[in-house]
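Keep the sequence beside it as you read.

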Amino acid sequence: MPELPEVETVVQILKKEIKNTTILGVEVLNDNIIEGDAFSFIKQLKNKKIKEINRKGKFLVFHLSESIILISHLRMEGKFFTFEKENARYNKHDMVIFHLSDNLTLIYNDTRRFGRMQLRNENDYLSTPPLNNVGLDPLEINDNDLDKLYQKFHHSQRTIKETLLDQSLISGLGNIYVDETLYAVEISPFKRASAISFKQFQDILRESKRILKLSISLKGSTIKSYHPGNDISGSFQDRLLCYGHKDLFSDKCSHRFYKTKLNGRGTTYCRHLQHDGEAKYLIGINGKAGVGKSTIANYFIDKGFAYISADNIVLDLYQRKDVIEKISKIVDVNLNQNEAINKKLLREILLNKPELNVKIQKFLYPLIYHQIEFISENSKEDKFVVEVPLMYEAKCDELMHDIIYVDCPLDLQIAHLKSRNANLDILKINRSYDEKNNRLISDYVIENNGSVKDLKKQLDSLYAELLKKNRF
């Protein structure tokens with residue numbers, strides 16, 4: 001749906017193209033677009049001059065002669081196109097056609113047919129529906145409005161994102177610009193509006209103004225089908241830092257963006273930077289086999305954290321019929337052994353054909369991801385330690401609020417594996433592990449190269465830091 005910058009861009013284009021022209025006639029091709037009687041709509045607009053065009057929130061407002069106001073909302077797919085009469089391009093989605101002076105034709109086109117037009121009077125159009133319930137937009141808000149507006153936010157029991165989307169409080173902001181604004185100020189979309197401080201409220205307004213102005217200068221965001229005029233596209237989508245960035249890394253930290261639903265609306269945010277409204281907290285542990293991940297997980301378990309293990313998830317998956325069949329197909333060998341995968345045979349195959357491991361991982365990663373997400377969201381627990389050896393490869397980093405990378409010297413790694421009778425072949429299978437990169441982009445690095453006492457000292461320091469940051 002076009003938001004403030006897109007609607008403002010349409011206003012600016014229409015001003016240049018049709019301001020001061022006269023409506024000679026109107027064709028209504030779909031009565032549902034018009035509020036009230038279409039015949040009366042046509043009659044009232046005939047021979048009216050377009051004196052001015054502006055915007056109220058996401059509504060287009062045409063100021064006509066004889067104090068008539070035409071209000072238009074584009075909704076999902078509405079567009080206005082201006083043509084010289086002889087060059088007009090018509091199609092089946094044209095809903096209303098305005099024949100103008102100066103040999104011009106204005107066409108309202110709406111693929112989804114959700115747009116609406118209605119007539120009002122200049123004297124009371126702001127005090128009657130639909131504009132009477134449209135709040136100030138960020139570009140209209142000044143210092144005199146702050147206290148009163150903040151009190152409305154402070155008394156809201158909804159999340160900050162839901163509150164910002166409420167057009168009766170602040171108009172013009174939709175899904176795109178709310179996600180962008182909250183990322184800019186590093187506030188979780190799930191944080192309650194009532195918990196927003198006055199300083200944070202000021203930050204939200206400041207950043208929303210900055211983002212909206214920049215978008216207007218770039219003619220808005222052309223995502224999917226928005227076009228503000230004939231053969232014109234916006235380019236702010238190339239400047240988006242958060243919206244639509246699922247699977248991409250934040251430009252501020254090493255975490256991938258997470259996308260979920262908030263009251264039915266797709267919501268993209270960084271769980272590391274925008275954690276202050278999260279009901280749950282997940283700290284992830286990654287590193288090669290035998291470096292001490294389980295020891296560190298046990299430390300957090302002793303602190304009251306619930307435990308999620310990717311390895312345990314895989315073991316469960318290995319007992320699913322569909323998974324057994326899929327992996328057997330990948331390696332072209334029947335791996336079914338008593339309704340579970342023959343892990344010994346699978347290991348032997350992967351040692352000889354390591355390229356198959358990549359295909360298996362590509363299949364398993366989304367299953368691991370969604371299982372971690374499901375367990376954490378449906379558990380009564382509010383904090384989790386999540387052990388995922390291939391955290392970044394499986395893209396599970398976007399589920400985490402903080403990530404620990406664990407490392408230790410090779411001799412100690414081998415000793416750890418031998419102490420638990422683990423097969424050392426795992427070292428060969430995991431050669432593709434991107435140790436350098438994963439170490440670099442994790443939030444914390446634990447060097448497990450000394451005694452258990454040394455390790456606990458590092459963990460105590462890390463835990464104290466997390467408490468200081470109010471992470472849980």
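We start with the whole chain and then move to single elements and residues.

This is a predicted model, in which local features need pLDDT of at least 70, side-chain atom pairs count only at pLDDT 80 or more, and totals for chains, interfaces and linings use all residues. Residues are numbered from 1 along each chain as its sequence is written, and side-chain values use heavy atoms, with hydrogens and water left out.

Begin with the overall picture. The chain has 15 helices and 15 strands. Helices (H or I, at least four residues) and strands (E, at least two) are DSSP runs, numbered from the N terminus. Along its principal axes, the C-alpha trace spans about 90 × 55 × 35 Å. The radius of gyration of the chain is 29 Å, while a compact globule of 472 residues would have one near 23 Å. That radius is taken over C-alpha atoms, and the globule rule is 2.2 Å times the number of residues to the power 0.38.

Now the surface and the inside. The accessible surface of the chain comes to about 22900 Å², and 48% of it belongs to carbon and sulfur atoms. Accessible areas come from the Shrake-Rupley method with a 1.4 Å probe; for residues, only the protein chains shown count as cover. Of the 472 residues, 52% count as buried. Buried means under 20% relative accessible area, exposed means over 50%, and partly exposed lies in between (1.4 Å probe, protein chains only).

Contacts tie the sequence together. A contact means heavy atoms within 4.5 Å. Among contacts between residues at least 6 apart in sequence, 68% join residues at least 24 apart.

Next, find helix α6, residues 198-217. Helix α6 has 20 residues and reaches 29 Å from its first C-alpha to its last, close to the expected 28 Å. The expected span is 1.5 Å times one less than the number of residues. Which residues of α6 are buried? Among them are Phe-201, Ile-204, Leu-205, Ile-211 and Leu-212, and the list also includes Asp-203 and Glu-207. The buried residues of α6 pack against α1 (4-18), α3 (143-154), α4 (160-164) and α5 (175-185). Just after α6, Lys-219 takes a positive phi of about 65°.

Backbone angles deserve a stop. Most residues other than glycine have a negative phi, and most peptide bonds are trans. Arg-113 has a positive phi near 65°. Arg-113 sits in the loop between β7 (104-110) and β8. Its relative accessible area is 43%, so Arg-113 counts as partly exposed. Asn-338 also has a positive phi, near 55°. Look for Asn-338 in the loop between α9 (321-331) and α10 (343-352). Asn-338 is exposed because its relative accessible area is 74%. The peptide bond from Pro-129 to Pro-130 is cis, with omega near 5°. Pro-130 lies in the loop between β8 (116-121) and α3.

Val-385 and Tyr-307 are 78 residues apart in sequence, yet their C-alpha atoms are 5.2 Å apart in space. Val-385 touches Tyr-307, and its other contacts include Ile-283, Ile-285, Phe-300 and Phe-305.

Follow the loop between β13 and β14 to Met-391. Met-391 counts as buried because its relative accessibility is 0%. Leaving aside neighbours within four places in sequence, Met-391 is in contact with Gly-284, Ile-285 and Cys-396, among others.

Cys-396 lies in the loop between β13 (383-387) and β14 (402-407). Cys-396 has a relative accessible area of 0%, so Cys-396 is buried. Its contacts include Ile-368, Tyr-369, Ile-372 and Met-391. The C-alpha atoms of Cys-396 and Ile-372 are 8.3 Å apart.

Finish at strand β2 (residues 48-56), where Lys-51 is found. Lys-51 is partly exposed, because its relative accessible area is 48%. Lys-51 and Asn-20 are 31 residues apart in sequence and 5.3 Å apart in space, C-alpha to C-alpha. Lys-51 touches Asn-20, and other contacts include Lys-19, His-63 and Leu-64.
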